[in-house]
Amino acid sequence: MPQSNPQTLHKVIRQLAGWAVWSFFTEVRVVGGENVPVEGPIIVTATHHNMILDPSVLSTSFPHRRILNYWSKASLFNNNFLAWLLYSSGNIPVDRKSKDRQVLFRGTFEALARGGAVALFPEGTSYTEPRIMQVKDGASWAALEYTKWAADHGIKGPEVKIVPTAIVYTNKSKYRSYVIMEFGPPISMEQYKEQFVSDAEGAARAAVKRLTRAIEQQLIETTINAPDWNTLYVARMARDLLWEDERSIDLKEFVTISQTLVDLFSTKDAMPNFCSVRRHLLEYYSLLQSTRLTNSVLSSLPLPETLSPTHPTPLPSRLLTLSILVRDTLAALIRLPFFLLPLILHLPVYVMSRLAAGLSEHEEETQAQNKVVIGLLLLMLIYPAAFWAFWAILSFTSHGALVAGLTVWAFAYYHTRLVNDNYLHFKRVIAAWRVLVGVWAPKRWDLSLTALSQYNTPTVPPESPWVDPIKRSSTPDLPAQATEPPVVLKQKRPASRQIMRHVLRARGEAVRALASFFAALEDAGDNKHVVASAHLARRFGWVDEVKVDAEGQGQEVEAQGFRRAREVISFLRSRGAKTATLEREIEGGWAGALVSEEEGTPAESEAGEGEGEEDDIVWVPSEAHSQTASLD
């Protein structure tokens with residue numbers, strides 16, 4: 001790259017990407033920023049699970065505002081003007097056709113020799129899987145080849161270091177979700193370069209493989225890795241039940257908490273009711289997916305017990321409590337006038353982004369990219385148009401331009417700052433009425449067990465064709481698997497009046513199952529242990545070296561991690577998990593009454609489906625309740 005190139009275009013693109021990231025995500029939390037050297041050559045090896053958003057998040061939130069250089073095809077630099085654009089936007093050429101690695105990485109060497117930072121995605125592609133599937137050797141070859149090249153050319157200064165970087169999304173396709181970007185300790189070339197420059201046959205490749213394993217290990221330790229999709233879904237559902245407000249989890253602890261739950265629900269012999277607990281959690285998770293509801297919203301609904309159709313409450317009291325729900329709805333609508341103008345201004349963005357996400361319904365890593373790209377392009381049209389409209393109202397004066405610019409900026413800032421709270425309130429109100437409609441509807445409208453079965457098991461994303469199939473059969477450093485059969489894609493979203501009782505019943509059953517699971521673990525005593533990822537076992541438990549049979553290679557020593565069950569429960573509680581109050585909360589709500597009402601329903605329905613289908617909701621107390629009331 002020419003020495004005079006100030007990479008101006010890169011700074012412009014980074015600013016635009018920063019606005020897009022700021023408007024789509026609530027927060028990007030940087031962890032371990034102190035591990036990134038302020039200066040000197042570095043190679044950043046980042047996870048890649050969200051398409052173009054990964055380099056956007058990485059570049060805009062990188063510590064010390066260092067400019068990152070990304071690899072691009074060398075042939076694109078043949079045209080002088082295009083080469084200037086690429087260099088200016090932070091790209092460096094990589095000649096993939098060359099078998100000489102000194103030629104292949106020439107642009108990388110030049111950038112590193114100037115003390116620059118090169119960013120790579122060693123997984124090779126963006127994909128959606130329950131764990132890190134592959135880490136390729138490109139970053140290791142580049143770092144060690146540069147080390148050799150620098151020594152041969154007498155390059156002075158600090159050595160190149162690799163900075164493993166994990167980009168973790170709390171929900172990567174969800175608007176206003178969170179991002180955690182964690183930087184691991186930098187990896188020095190000191191313990192690899194001697195073997196790399198050795199004349200021994202295969203020594204260089206062996207050194208590269210060792211370095212790649214070190215990179216992969218750090219990426220695994222800073223991300224969430226599950227043996228299969230259902231284990232990951234179970235852990236997510238348990239996390240959502242233990243922390244009902246998703247904002248109550250410290251983002252610095254998010255990965256560790258999530259991995260702890262993944263490990264816990266990978267312990268197949270944890271408790272006798274292990275399979276039952278997983279089934280209840282999976283069913284509830286799947287029904288929430290089908291209805292596009294969240295446990296956080298359901299648990300916060302203003303639905304008093306007197307609104308339950310199973311509660312023997314006189315009609316006047318029921319109308320009074322219904323009026324409370326209407327009042328809460330109006331209270332949410334009162335916010336609308338203060339938010340209306342920014343909402344109208346941004347409405348085309350919401351509509352078109354939602355449509356764009358629908359184009360890749362079964363590719364989660366593409367949905368957020370489509371939303372952000374379409375949103376950014378529309379905003380680049382809407383904001384200038386709004387500015388010209390305001391400026392025209394102010395007669396195109398110089399002061400009017402300043403006022404118009406500040407007004408548009410205020411609209412954008414005001415919208416982004418208030419959208420979280422308003423978005424949450426409207427989701428609660430809509431969910432409350434959906435629940436009310438679903439529960440008050442006649443029971444005969446409920447989906448039958450046969451019709452419900454398509455919504456009872458979560459959808460598994462399709463396998464990425466870009467992931468090495470061999471990698472799917474091996475899961476490094478992860479606990480034993482508990483697998484389920486693959487799932488076909490669901491049908492369209494069911495009507496609230498047909499499925500809401502099933503959702504509330506599933507919620508009650510999931511909460512009770514999870515509460516009993518933790519109670520049993522705690523009662524099992526100090527000798528009860530569960531499996532753990534090796535890095536968590538080293539922090540909180542212990543690691544055993546176990547000999548396992550390797551295919552055609554005799555026996556190998558494998559590390560198996562464990563933690564005491566009580567320590568895991570104590571760890572979760574210390575981070576805010578509501579393990580002790582789970583069942584009490586569900587018993588206090590009228591969703592719990594639906595669970596009691598539905599107990600035994602599946603067996604009875606299978607025995608004679610249709611019996612009782614004509615039983616609608618009766619709004620007067622039963623005879624038994626009336627007698628009890630008269631005795632009181």
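This is a predicted model: local features need pLDDT of at least 70, side-chain atom pairs count only at pLDDT 80 or more; totals for chains, interfaces and linings use all residues.

Reader: Thanks! Where is Ser-395 placed?

Author: Ser-395 sits in the loop between helix H15 (364–393) and helix H16 (398–440).

Reader: And what about the phi of Ser-395?

Author: Ser-395 has a positive phi of about 65°, and it is not a glycine. As background, most residues other than glycine have a negative phi.

Reader: Nice. Where is Phe-396 found, and what is its phi?

Author: Phe-396 is also in the loop between H15 and H16. Its phi is positive too, at about 55°, although Phe-396 is not a glycine. Phe-396 counts as partly exposed, because its relative accessible area is 46%.

Reader: Can we zoom out for a second? How many helices and strands does the protein have?

Author: There are 25 helices and 10 strands. The protein has 632 residues, and 48% of them are buried.

Reader: What share of the contacts with a separation of 6 or more comes from residues 24 or more positions apart?

Author: That share is 77%.

Reader: And how much accessible surface is there?

Author: The accessible surface of the protein comes to about 30,800 Å², and carbon and sulfur atoms account for 57% of that.

Reader: Back to single residues, then. Is Asn-50 buried or exposed?

Author: Asn-50 is buried, because its relative accessible area is 0%. You can find Asn-50 in the loop between strand S2 (42–46) and helix H2 (53–60).

Reader: Which residues is Asn-50 in contact with, leaving aside neighbours within four places in sequence?

Author: With those neighbours left aside, Asn-50 is in contact with Ser-126, Tyr-169 and Lys-172, and also with Glu-364, Glu-365 and Ala-368.

Reader: I think Ala-368 is in H15. Which residues of H1 and H15 meet?

Author: Leu-16, Ala-20 and Phe-24 in H1 meet Ala-368, Lys-371, Val-372 and Leu-376 in H15. By class, this contact of H1 with H15 has 6 nonpolar, no polar and 1 charged residues.

Reader: How do those two helices pack?

Author: Helix H1 (residues 8–24) and H15 pack at an angle of about 115°, and their axes are 10 Å apart. The crossing of H1 and H15 is right-handed.

Reader: Why give me an angle and a distance for helices?

Author: Because two packed helices are described by the angle between their axes and the distance between the axes.

Reader: Got it. What are those values for H9 and H10?

Author: Helix H9 (residues 229–242) and helix H10 (residues 254–264) pack at about 120°, with their axes 8 Å apart. H9 and H10 are therefore oblique to each other. Their crossing is right-handed. Among the residues making the contact are Leu-232, Ala-235 and Arg-239 of H9, along with Phe-254 and Leu-261 of H10. By class, the contact of H9 with H10 has 7 nonpolar, 2 polar and 1 charged residues.

Reader: And what about H5 and H6?

Author: Helix H5 (residues 106–113) and helix H6 (residues 138–152) pack at an angle of about 65°, with their axes 10 Å apart. H5 and H6 are therefore roughly perpendicular to each other. Phe-109, Leu-112 and Ala-113 in H5 meet Ala-142, Glu-145, Tyr-146 and Trp-149 in H6. The residues of that contact divide into 6 nonpolar, no polar and 1 charged.

Reader: One last stop: which residues does Phe-540 touch beyond four places in sequence?

Author: Phe-540, found in helix H20 (residues 534–540), is in contact with Thr-256, Arg-563, Glu-567 and Phe-571 once neighbours within four places are left aside. Phe-540 and Phe-571 are 31 residues apart in sequence and 9.1 Å apart in space, C-alpha to C-alpha. Phe-540 counts as partly exposed, because its relative accessibility is 23%.

Terms used:
Residues are numbered from 1 along each chain as its sequence is written. Side-chain values use heavy atoms; hydrogens and water are left out. Helices (H or I, at least four residues) and strands (E, at least two) are DSSP runs, numbered from the N terminus. Buried means under 20% relative accessible area, exposed over 50%, partly exposed in between (1.4 Å probe, protein chains only). Contact means heavy atoms within 4.5 Å. Accessible areas come from the Shrake-Rupley method with a 1.4 Å probe; for residues, only the protein chains shown count as cover. Axes are lines fitted to C-alpha atoms, for helices over the stretch in contact, and angles run from 0 to 180 degrees between N-to-C directions. Angles under 35 degrees count as roughly parallel, over 145 as roughly antiparallel, 65 to 115 as roughly perpendicular and the rest as oblique. Ala, Val, Leu, Ile, Met, Phe, Trp, Tyr, Cys and Pro count as nonpolar, Asp, Glu, Lys and Arg as charged, and the others, Gly among them, as polar. A crossing is left-handed if the near helix is turned anticlockwise from the far one by less than a right angle, and right-handed if clockwise.
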